[in-house]
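Student: I would like to learn how to read a protein structure feature by feature. Could we go through one slowly, with the general idea before each case?

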Amino acid sequence: MTAFSLALTDDQETVRDWVHTFAADVLRPAAAEWDEREETPWPIIQEAAKIGLYSLDFFTTQAFDTTGLGIPLIMEELFWGDAGLGLALTGTTLAAAGLVANGTQEQLFEWAPQMFGTPEDVRVAAFCSSEPNAGSDVGAMRTRAAFDEATGDWVLNGVKTWATNGGIAHIHVVVATVDPSLGSRGQASFVIPPNTPGLSQGQKFKKHGIRASHTAEVVLDNVRVPGSCLLGGKDKLDERIARAKSGSSGRGNAAMATFESSRPAVAAQAVGIARAAYEVALDYAQTREQFGRPIIDNQGVAFTIADMRTRIDAARLLTWRASWMAANQQPFKAAEGSMSKLYAGETAKWVTAAAMQILGGNGYTREYPVERMHRDSAIYTIFEGTSEIQRLVIARTLSNVPIR
């Protein structure tokens, strides 16, 4: 087990600074344009791929950092650059996390490279879990996967919603119900290969924030995939279903396994957004003069700046702790992953709102970036588990109540 430390290694600092430079030189100058266009920023993804930033090798290397800090460090820097563009560059990693959490080694080797493509032919992947009537209530999922005994295929039908890269992805990872009687314990994940008949994009959403990231419905109409596309394999699924039917407890929900592993990374994204807004507010408070002096000389502004920085640092510490625990196979006995996501998401919303207030009328205009940052931050108390769900997970973990 790697000892927990707040001191970064030379390699970590080098990678952090490299990603920061890309965020400053490429993402920030393009952020406003792609926010207005509300389109997938393929040129930005291609530029990141050319330098090795958008690649399976890069994200895998960071994910295997034994300190657990590789992914949080790069997430914070990318989202410090811009949240919409950051999510366009990292949305594929959620599908990859679903593959890692539920798939076999053979499936990982087969599908993970296809999720990213190559610098000459960049691709994205999508993780499809939420449905129109099944967001926080994962057990209400209606998408069905039926096994065809004659062919060994699985046939999927249903509609997914809020899917990052949904419909434009090369690879879709879809969570579906295989045994409705078991609720969330009767679900499994499937890889949908490219150009599979029956999969199509439904509505593309026009969003309040993170608008450079593609979000859409995914429609599954008799989508037939080989048995090898069931993540983990049928033997493992049959064993899990049998245990659930016998009343045995234990983890095994496909969607929750993915979200549990991704929450500290999402928390780091929120920290990046908050830090960016704080830096704008601090600079503005130091240079904006009213009544003959910088506005930071006013106690009300100064105290707000102090609270902003304190909350950001606290959120980062919670995130780093959860990331270290996950990397070192330490159980989240107090739902530390959910703690990090809850606090960082709430911090991002509060800090960006405070930054707008400090900038006054300027903060409300698109001439300054805090307006966009505030819009981007709103999703961090909603997606990958709302703040209310995080609190429920924490409370149930503390009280030893099963999370279904």
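Tutor: Let us begin with a term we shall need throughout: a residue is called buried when its relative accessible area is under 20%, exposed when it is over 50%, and partly exposed in between. Please keep in mind that this is a predicted model.

Student: How does Glu346 count by that rule, as buried, partly exposed or exposed?

Tutor: Because its relative accessibility is 30%, Glu346 counts as partly exposed. Its side chain meets that of Arg391 in a salt bridge, with 3.9 Å from N to O. This pair links distant parts of the chain, since Glu346 belongs to helix H10 (residues 336–359) while Arg391 belongs to helix H12, 45 residues apart. Arg391 is likewise partly exposed, at 44% relative accessibility.

Student: What is the general idea behind such a pair?

Tutor: Side chains of opposite charge can pair when their charged atoms come close. Here we call it a salt bridge when a side-chain nitrogen of Lys or Arg is within 4 Å of a carboxyl oxygen of Asp or Glu. By this rule the count comes to 24 salt bridges in the model.

Student: Where do Asp313 and Arg316 lie, and how far apart are they in the chain?

Tutor: Both are in helix H9 (residues 299–327), and they are 3 residues apart, which is about one turn of the helix. With a relative accessible area of 28%, Asp313 is partly exposed, whereas Arg316, at 17%, is buried.

Student: Which residues of helix H11 are buried?

Tutor: They are Val370, Glu371, Arg372, Met373, Arg375, Asp376 and Ser377, so that 7 of the 8 residues in this helix (residues 370–377) are buried and H11 is mostly covered. Two of these residues, Arg375 and Glu371, join their side chains in a salt bridge of 2.6 Å, N to O. They are 4 residues apart within H11, about one turn of the helix, and both are buried. Salt bridges that share partners connect Glu371 and Arg375 with Asp35, Glu36, Glu38, Lys206, Arg211 and Arg366 in one network.

Student: Let us turn to helix packing. How should I read the angle between two helices?

Tutor: The angle compares the N-to-C directions of the two axes, and a value over 145 degrees counts as roughly antiparallel. Take helix H5 (residues 83–102) and helix H6 (residues 105–116), whose axes come within 10 Å and cross at roughly 175°. H5 and H6 are therefore roughly antiparallel to each other. On the H5 side the contact is made by Thr92, Thr93, Ala95, Ala96, Leu99 and Val100, and on the H6 side by Gln107, Leu108, Trp111, Ala112, Met115 and Phe116.

Student: At what angle do H1 and helix H2 pack?

Tutor: They pack at about 170°, with their axes 11 Å apart, which makes H1 roughly antiparallel to H2. Phe22, Val26, Leu27, Ala30 and Trp34 of H1 make the contact with Pro43, Ile44, Glu47 and Ala48 of H2.

Student: What should I look for in the backbone angle phi?

Tutor: Most residues other than glycine have a negative phi. In this model Glu384 has a positive phi, near 55°, and so does Asn400, near 60°. Glu384 lies in the loop between H11 and helix H12 (387–398) and is buried, at 14% relative accessible area. Asn400 is in the segment after H12 and counts as exposed, at 69%.

Student: Finally, which residues form the nonpolar patch on the surface that includes Phe4?

Tutor: Phe4, Leu6 and Leu317 form it, and together they have about 280 Å² of accessible area. Phe4 lies in the segment before helix H1 (10–37) and is partly exposed, with a relative accessible area of 39%.

How values were computed
Residues are numbered from 1 along each chain as its sequence is written. This is a predicted model: local features need pLDDT of at least 70, side-chain atom pairs count only at pLDDT 80 or more; totals for chains, interfaces and linings use all residues. Side-chain values use heavy atoms; hydrogens and water are left out. Patches are made of residues with over 30% relative accessible area and no salt bridge: like charges are joined within 9 Å, nonpolar side chains (Val, Leu, Ile, Met, Phe, Trp, Tyr) within 5 Å. Accessible areas come from the Shrake-Rupley method with a 1.4 Å probe; for residues, only the protein chains shown count as cover. Helices (H or I, at least four residues) and strands (E, at least two) are DSSP runs, numbered from the N terminus. Buried means under 20% relative accessible area, exposed over 50%, partly exposed in between (1.4 Å probe, protein chains only). Axes are lines fitted to C-alpha atoms, for helices over the stretch in contact, and angles run from 0 to 180 degrees between N-to-C directions. Angles under 35 degrees count as roughly parallel, over 145 as roughly antiparallel, 65 to 115 as roughly perpendicular and the rest as oblique. Contact means heavy atoms within 4.5 Å.
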